[in-house]
Amino acid sequence: MPYDSPPSFGIMTAPMQVGYHDVLRVWREADTIPEIGHAWLFDHLLPIAGELTGPVHEGWTLLAALAAQTRRLRLGVMVTSNRFRPPALLAKIATTVDVVSGGRLDFGIGVGSRPGHPLARREYEAHGLPFHDTAQAVAGLGEACTVIRRLWTEDEPFDFDGAHHRLKGAFGNPKPVQRPHPPILIGGRSSATLRVAAEHADLWNIPGGGDIADLAGRSALLDRYCAEIGRDPAAITRSIHLPVAYDRPGPTRDAIGAAVEAGFRHIVLGLPAPYPDGVARWVADELIPTH
């Protein structure tokens, strides 16, 4: 998406401390509102806020259910933890969602929880999952993107012998509806992750709500990494996640304006639970610019 193109707007409903039918209500409403173009879940296995024993729904399973209940919205997980699922399995899951949705998946992926997050290790230990250090996680992300893309596009089985992922006779059938493959969104702000994004991403997402100059600096660094490998930086749409406060829409409107001015063209508005009745219409009326 070129830097001077109109921005697109979406919502993010973190599926924790909330019921399935509450999320479904918001997505169904958003699906009827043209100003809202995309909708997102997150990928955590235990709550990362609120009551630590409260409910949290598995992101990809829920996404498949929501894909079957909507018709227009583009949809995805912002972002999938590459530490939770082997890449070949993740490619199969994502393909299934793209098929169910009729080709509306935006495939979001990242390294997973930050090691410094106070709750980062809890969900891994609780599910018997290894928590690799950041360097290994980033290297594994690059390999995973390569494997997933090949499974989506290659017509013959292949072997893959990477440092972090090894497959024998790998093959994906069916293929995604979107060809050559669903857009790949990579989320993260570290320099190492930005190098992976420069090579593999169609969209790059970063959490907002802070210093816009810092976020613009991260975007400029991505430009530089693209130039180093001979890729046009404009080929990667810049995406930003902005938190919403229902009783204070003004700061969010200001943050949207600053983000668009800084070159971000894919705006994801994080909606806190509980969701008020008519919240998607409220987003369109109160937060999304009319010109």
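Student: What covers the buried residues of α7?
Tutor: The cover includes α6 (191-200), β9 (203-207) and β10, where buried means under 20% relative accessible area, exposed over 50% and partly exposed in between, with a 1.4 Å probe and protein chains only. Helices (H or I, at least four residues) and strands (E, at least two) are DSSP runs numbered from the N terminus. This is a predicted model, in which local features need pLDDT of at least 70 and side-chain atom pairs count only at pLDDT 80 or more, while totals for chains, interfaces and linings use all residues. Residues are numbered from 1 along each chain as its sequence is written, and side-chain values use heavy atoms, with hydrogens and water left out.

Student: Which residues of α7 are buried, then?
Tutor: They are Leu215, Arg218, Ser219, Leu221, Leu222, Tyr225 and Cys226. These residues cover an arc of only 155 degrees around the axis, which puts them on the same side of α7; the arc is that of the directions from the helix axis to the C-beta atoms. The face of α7 turned away from that buried side carries the exposed residues Ala213 and Ala227.

Student: And how many residues does α7 have?
Tutor: Helix α7 (residues 212-228) has 17 residues and reaches 25 Å from its first C-alpha to its last, close to the 24 Å expected, the expected span being 1.5 Å times one less than the number of residues. After α7 comes glycine 230, whose phi is positive, near 80 degrees.

Student: Switching to the sheet: what order do the strands come in?
Tutor: Nine strands form an open sheet with parallel pairing, in the order β3-β2-β1-β11-β10-β9-β8-β5-β4, and two strands pair if DSSP finds at least two bridges between them. The edge strands are β3 and β4 (80-81), each of which pairs on one side only.

Student: Which residue is the bridge partner of isoleucine 11 in β11?
Tutor: It is leucine 269, and β1 (residues 8-12) pairs with β11 in the parallel sense over five bridges. Strand β10 (residues 237-243) and β11 also pair in the parallel sense over five bridges, with isoleucine 267 as the bridge partner of isoleucine 240. The chain crosses from β10 through helix α8 (residues 249-261) to β11 in a right-handed β-α-β crossover, right-handed being the case in which, with the strands pointing away from the viewer, the path from the first strand over the helix to the second runs clockwise.

Student: What does threonine 252 touch?
Tutor: Threonine 252, placed in helix α8, touches Pro243, Val244, Ala245, Leu269 and Leu287, not counting residues up to four places away in sequence; contact means heavy atoms within 4.5 Å. At 5% relative accessibility, threonine 252 counts as buried.

Student: Where does glutamine 17 lie?
Tutor: Glutamine 17 lies in the loop between β1 and α1, where its phi is near 55 degrees, a positive value in a residue other than glycine. Glutamine 17 is partly exposed, with a relative accessible area of 29%.
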